[in-house]
Amino acid sequence: MQALSRPLLRTPFFFSSSVHLLTRSLTTTSSAMAAGDTGAPRARGSLAEKDTFQRREAAQELMYIRQHEMEKIERLRAKMKESQKHMAELDKHLEEYSKSQGGEQN
């Protein structure tokens, strides 16, 4: 490699631009991504409102979260009803027990 580059460097002045092209290193550029492309950075500011894919994705996430929260609330309501029913049965048993002990005379 060194033997090839020496004669090129000794060329006359008018060939210096071609020598520069032959000896420069190769460079690569990163690929530019448009807004909304997969892997593209998220837009900031006013551009964030224009990206319909991101808005749709955020809306779907919110719907998913709300659906699961509503399911949790329904399960809690069912448990609460069972607990209230159980408490009512315990109150009934306490009243019967207190009546059988003679605490209340009707």
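**Figure 1. Overview of the protein chain.** In this predicted model, the secondary structure of the protein chain consists of three helices and zero strands. Read from the N terminus, the order of the elements is α-α-α. The protein chain has 106 residues, of which 4% count as buried. Its accessible surface is about 10,600 Å², and carbon and sulfur atoms account for 58% of that surface.

**Figure 2. Confidence along the protein chain.** The mean pLDDT of the protein chain is 75, and 49% of the residues score at least 70. Confidence is lowest in helix α1, residues 2-9, where the mean is 52. Confidence is highest in α3, at 95.

**Figure 3. Helix α3 from end to end.** Helix α3 covers residues 52-100. From the first C-alpha of α3 to its last the distance is 72 Å, over 49 residues. This is close to the 72 Å expected at 1.5 Å a residue. Gly-102 follows α3 and has a positive phi, near 90°.

**Figure 4. Asp-51 at the start of α3.** Asp-51 is placed in the loop between α2 (16-23) and α3 (52-100). At the start of α3, a side-chain oxygen of Asp-51 comes within 3.4 Å of the backbone nitrogen of Phe-53. The side chain of Asp-51 also makes a polar contact of 3.2 Å with the side chain of Gln-54. Is Asp-51 buried or exposed? Asp-51 counts as buried because its relative accessibility is 12%, and the cut-off for buried is under 20%.

**Figure 5. The salt bridge within α3.** The structure holds one salt bridge. Its partners are the side chains of Glu-74 and Arg-77, with an N to O distance of 3.3 Å. Both Glu-74 and Arg-77 belong to helix α3 and lie three residues apart, which is about one turn of the helix. An α-helix has 3.6 residues a turn, so residues three or four places apart point the same way.

Methods:
Residues numbered from 1 in each chain as written. Predicted model: local features only at pLDDT ≥ 70, side-chain atom pairs only at ≥ 80, totals over all residues. Heavy atoms only, no water. Helix = DSSP H or I, 4+ residues; strand = E, 2+ residues; numbered from the N terminus. Buried < 20%, exposed > 50% of the residue type's maximum accessible area, 1.4 Å probe, protein only. Polar contact = N/O pair within 3.5 Å; in protein donor to acceptor, adjacent residues only side chain to side chain. Expected span 1.5 Å × (residues − 1). Areas by Shrake-Rupley, 256 points an atom, 1.4 Å probe, with all protein chains shown as cover. pLDDT = per-residue confidence, 0-100. Salt bridge = Lys/Arg side-chain N within 4 Å of Asp/Glu carboxyl O.
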